[in-house]
Amino acid sequence: MRKQFLFLFLAFIILGTMNGQTRGTKIGYIDMEYILQNVTDYTEAKSQLDQKAQKWKQEIEIKKIEVNKLKDALKAEKALLTKQLIDERETEIKFLEGEIIDYQQKRFGPNGDLIQQKIVLAKPIQDQVFTAIQDIAEAKKYDFIFDKSSDLTMLFTAKRFDISEQVLRVLNRTEKREQLTKKQLKDQETKESKEDAVDENPVLADRKKVLDEKKAARDQVIADRKLLQEQKKKEYDDRRKQLLSERESKKNGTVSASSKTEETKSTAVVNDSSKLASKKVIEDAKIKQAADRATTLEERKKVIEDRKKALEDKKKKILEEREALKKAKAEKLKENTNKN
């Protein structure tokens, strides 16, 4: 079966190459397991099915325990029983063991309830995925799209050919559109067109990734600063309340030397903790910024190297074509000379 599939696969590629001489063959792939794991409806239903399967396993274990008890009782009483009673109990035990095996096959066998319910659960999502794949293939001129999680052995797959995220976006778009107004739909379409442009251009995708990482780093720094400000505000409020309480006590003449000492100690502790927290937040922010800067430089370097390599390949190809053209002209000139 696999040999036949590979033969058909090669035949399709040859036909695609013959039909697409004016453009390169465009191939993509998806990971169906990854897509299913990221669809909310499927994961929720699968969780319920797993709970059912766990319940079935518990029922099987209970039945096995009951059979083991019967076996132990027979073993203990065997010397006191007649041959007929022993045969009856052994027959009963075999019957119960057969029931357990039948129940296991019914629930977990190749055609059991678990497999059948998994198929029923996955089919609607798979149908939506296939529809989304057809739309993407027609819109972006794909010649072949394969499923990485199927029986087809893919020895190597470059990440840039993975369109699983695009399929997930199409599924999420369909679900969101049902709940949007006209204005929201228009905004959503604008956002989708930008996402599609990023998918088509790897350089844009790299830039978007770098920008997203920078934004995440800025958000983290802002969150740390906000946390520090809230902490300082709380300390200020606590200190203010304490001062008001002390003033009230002074008016009543109830302030003691010990309370003043405690006040001084608590103020020093608060100030020290505030300084330490501030210093830690600043150090963490600096470390994160340095890491983000290093990552950005590395990614830029990679993009530049890729561009440089592409230019060198293009230059090499042009030189080879020129050399081939010179040789062809020289051969043609030689032929004309020989004829004359």
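What share of the 340 residues in the protein chain is buried? After that, please look closely at helix α3 (residues 40-77) and what surrounds it.

Reply: Start with the whole chain. The model is predicted. Buried residues make up 20% of the 340 residues in the protein chain. The chain exposes about 27000 Å². Carbon and sulfur atoms supply 55% of that area. The chain holds 9 helices and 2 strands. Along the sequence they run α-β-α-α-α-α-β-α-α-α-α. Now take contacts between residues at least 6 apart in sequence. Of these, 75% join residues at least 24 apart.

Next comes helix α3. Helix α3 covers residues 40-77, which is 38 residues. From its first C-alpha to its last it reaches 56 Å. That is close to the 56 Å expected at 1.5 Å a residue.

Which residues of α3 are buried? They are Tyr-42, Leu-49, Ala-53, Trp-56, Ile-60, Val-67 and Leu-74. An α-helix has 3.6 residues a turn, so residues three or four places apart point the same way. Keep that in mind as you look at the buried list. The buried residues of α3 pack against α2, α4 (83-108) and α5.

Follow two of those neighbours. Helix α2 spans residues 32-37 and includes Leu-36. Leu-36 has 9% relative accessibility, so it counts as buried; the cut-off for buried is under 20%. Leave aside its neighbours within four places in sequence. Leu-36 then touches Tyr-42, Thr-43 and Ile-125. Tyr-42 is one of the buried residues of α3. Leu-168 is 132 residues away along the chain, yet the two C-alpha atoms are separated by 9.1 Å.

Helix α5 covers residues 113-140, and Lys-140 belongs to it. Is Lys-140 buried or exposed? Lys-140 counts as buried, because its relative accessibility is 14%. Its side chain makes a polar contact with the side chain of Gln-166, at 2.9 Å.

Finally, look at the strands. Strand β1 (residues 27-30) pairs with β2 in the parallel sense, over 4 bridges. Ile-27 has Phe-144 as its bridge partner in β2. Strand β2 (residues 144-147) has two faces. Phe-144 and Phe-146 form the covered one. Ile-145 and Asp-147 form the uncovered one.

Methods. Residues are numbered from 1 along each chain as its sequence is written. This is a predicted model: local features need pLDDT of at least 70, side-chain atom pairs count only at pLDDT 80 or more; totals for chains, interfaces and linings use all residues. Side-chain values use heavy atoms; hydrogens and water are left out. Buried means under 20% relative accessible area, exposed over 50%, partly exposed in between (1.4 Å probe, protein chains only). Contact means heavy atoms within 4.5 Å. Accessible areas come from the Shrake-Rupley method with a 1.4 Å probe; for residues, only the protein chains shown count as cover. A polar contact is a pair of N or O atoms within 3.5 Å; within protein, one must be able to donate a hydrogen and the other to accept it, and residues adjacent in sequence count only if both atoms are side-chain atoms. The expected span of a helix is 1.5 Å times one less than its number of residues. Two strands pair if DSSP finds at least two bridges between them.
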